[in-house]
Amino acid sequence: MKVLGIESTAHTLGIGIVDEDKVYANTRDMFEPEEGGIHPRKAAEHHYQHALELINNVQQKAGLEIEDMDAVAFSQGPGLPQCLDVGAVIARSLSKKHGIPLVGVNHCLSHISIGTRTTAAENPTTLYISGGNSQILDFRSGRYRVIGETLDIALGNALDKLARKLDYPHPGGPEIEKLAEETDKIIELSYPIKGMDFSFSGLTTETERKIGDVSDNILANSFQEYAYSAVVEALERAMAQEGSKQALLTGGVAMNSRLREMVEKMCEQRDAEAYFPPPEFCMDNGAMIAHQGLIELKAGKNTSISESAKKPNWRPDEVQVNWI
Ligand code: ATP
Ligand code: FE2
């Protein structure tokens with residue numbers, strides 16, 4: 001079965017086509033703000049402007065037409081409302097026009113599903129960290145339980161904010177990573193872990209207050225060490241609690257090499273396996289939405305137009321999972 005997936009929760013408009021064995025196409029166009037963070041309306045305008053071109057591009061790359069699809073899937077939430085509307089409108093239109101089923105999927109669960117599809121992980125404890133979300137999830141009795149999560153902002157968002165204060169462009173994560181690689185030195189900062197949860201707002205402010213007094217590369221390295229240690233410690237506790245022998249890292253921040261190194265080391269010490277999806281499947285992408293749509297379609301899902309409204313605050317633990 002072939003499914004076209006549309007991702008539009010935030011700054012990335014992504015469109016992909018997959019079947020059970022193959023990713024036929026996975027293309028994206030990212031909204032890059034001229035200054036500041038992501039302005040929701042401007043990001044949505046960007047998505048509307050590039051949608052048609054991207055859909056044509058994907059069909060050409062895949063050598064397939066929309067008529068060849070068994071369903072069209074879209075990110076129904078969570079995300080920025082204006083951006084979610086774009087994906088939902090395009091998906092509804094394609095579904096109606098071509099008479100194919102519509103499948104609205106949860107964006108967070110798609111990050112996990114593409115992670116297990118593209119690695120050998122089977123039932124991992126997942127550390128999902130991106131610009132909008134930071135959670136530790138474990139699958140138990142028909143649901144992905146959120147075992148730990150950020151109490152305020154997401155880790156990717158914190159990296160983007162810090163980078164902006166240091167005058168680097170969006171997205172800030174890779175910029176902070178490059179800066180951090182210039183030094184081994186760190187300064188003392190607060191360690192933002194609270195039980196199984198973590199928080200990054202205070203750590204970001206504390207780091208920003210030292211700009212000018214401490215060099216940028218030491219600040220970047222210190223921020224990475226403290227923030228990444230906190231999430232890896234929480235991940236380790238979650239694995240101990242769940243008796244898990246597999247860790248999966250996903251979301252945009254999962255592309256960070258220092259974080260990967262920390263997760264790898266922690267797993268090695270616990271005699272567990274660490275799994276990292278290829279970068280193009282860590283960041284927001286259309287193939288992960290297509291894949292999630294595919295497995296839910298096969299489990300019988302068909303979203304009616306009246307059920308297809310955006311869900312900006314849709315938590316992954318609200319979803320009753322029937323595809324595993
Ligand atoms: P979600 O909707 O799942 O919250 P998102 O909209 O934030 O996703 P992603 O592509 O999953 O989109 O993640 C983007 C985030 O990843 C940004 O905050 C960016 O700074 C961060 N990021 C990208 N590359 C790196 C890296 N190498 N190191 C750290 N962070 C990174
Ligand atoms: Fe995402």
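Author: A residue counts as buried when its relative accessible area is under 20%, as exposed when that area is over 50%, and as partly exposed in between. The model is predicted.

Gln-59 sits in helix H1. Its relative accessible area is 16%, so Gln-59 is buried. Setting aside residues up to four places away in sequence, Gln-59 touches Leu-64, Glu-65 and Ile-66. Ile-15 is 44 residues from Gln-59 along the chain. Their C-alpha atoms are separated by 9.8 Å.

Follow the chain out of H1. Helix H1 covers 40-62, and strand E4 covers 71-77. The loop between them holds Met-69. Is Met-69 buried or exposed? Met-69 is buried, because its relative accessibility is 3%. Its contacts, leaving out residues up to four places away in sequence, are Lys-2, Val-3, Leu-4, Ile-17, Leu-64 and Ile-100. Leu-64 is also one of the residues that Gln-59 touches. Ser-95 is 26 residues from Met-69 in sequence. In space, C-alpha to C-alpha, Met-69 and Ser-95 are 9.8 Å apart.

Go on past E4. The loop between E4 and helix H2 (81-98) contains Pro-78. The peptide bond from Gly-77 into Pro-78 is cis, and its omega is near -5°.

Now jump along the chain to helix H10 (residues 286-298). Glu-296 has its place there. What is the relative accessible area of Glu-296? It is 5%, so Glu-296 is buried.

How is the chain divided into domains? Domain 1 takes 3-111 + 281-318, and domain 2 takes 123-276. Their centres, taken over C-alpha atoms, are 27 Å apart. The two domains do meet: 17 residues of domain 1 are in contact with 16 residues of domain 2. Between them they bury about 1,300 Å². Of that area, 62% is on carbon and sulfur atoms. Which residues of domain 1 lose the most area to domain 2? They are His-111, Cys-282 and Asp-317, which together make up 36% of what that side buries.

Next comes domain 2, which spans 123-276. Look at helix H4 (residues 155-165). Its buried residues are Leu-155, Gly-156, Ala-158, Leu-159, Asp-160, Leu-162 and Ala-163. What do they pack against? Their partners are strand E6 (125-129), strand E7 (134-140), helix H5 (172-180), helix H6 (201-208) and helix H7.

Two of those partners lead further. Ser-141 is not glycine, yet its phi is positive, near 45°. With a relative accessible area of 65%, Ser-141 is exposed. Helix H6 holds Thr-205. Thr-205 is partly exposed, because its relative accessible area is 32%. Lys-161 is 44 residues from Thr-205 in sequence and 9.4 Å from it in space, C-alpha to C-alpha.

Return to the end of H4. Asp-167 lies in the loop between H4 and H5. Here again a residue other than glycine has a positive phi, near 75°. Asp-167 is exposed, because its relative accessibility is 71%. Pro-171 is found in the loop between H4 and H5 too. The peptide bond from His-170 to Pro-171 is cis, with omega near -5°.

One helix pair remains for this tour. Two packed helices are described by the angle between their axes and the distance between the axes. For helix H7 (residues 216-242) and helix H8 (residues 257-269), the angle is about 35° and the axes are 10 Å apart. Their crossing is right-handed. On the H7 side, the contact is made by Gln-224, Glu-225, Tyr-228, Ser-229, Val-231, Val-232, Leu-235, Glu-236 and Met-239. On the H8 side, Arg-258, Leu-259, Met-262, Val-263, Met-266 and Cys-267 take part. By class, this contact has 10 nonpolar, 2 polar and 3 charged residues.

Methods:
Residues are numbered from 1 along each chain as its sequence is written. Chains are lettered from A and ligands numbered from 1 in the order in which they are written. This is a predicted model: local features need pLDDT of at least 70, side-chain atom pairs count only at pLDDT 80 or more; totals for chains, interfaces and linings use all residues. Side-chain values use heavy atoms; hydrogens and water are left out. Axes are lines fitted to C-alpha atoms, for helices over the stretch in contact, and angles run from 0 to 180 degrees between N-to-C directions. Helices (H or I, at least four residues) and strands (E, at least two) are DSSP runs, numbered from the N terminus. A crossing is left-handed if the near helix is turned anticlockwise from the far one by less than a right angle, and right-handed if clockwise. Contact means heavy atoms within 4.5 Å. Ala, Val, Leu, Ile, Met, Phe, Trp, Tyr, Cys and Pro count as nonpolar, Asp, Glu, Lys and Arg as charged, and the others, Gly among them, as polar. Buried means under 20% relative accessible area, exposed over 50%, partly exposed in between (1.4 Å probe, protein chains only). Domain bounds come from an automatic or database domain assignment. Buried area is the accessible area (1.4 Å probe) that two parts lose on being put together, summed over both.
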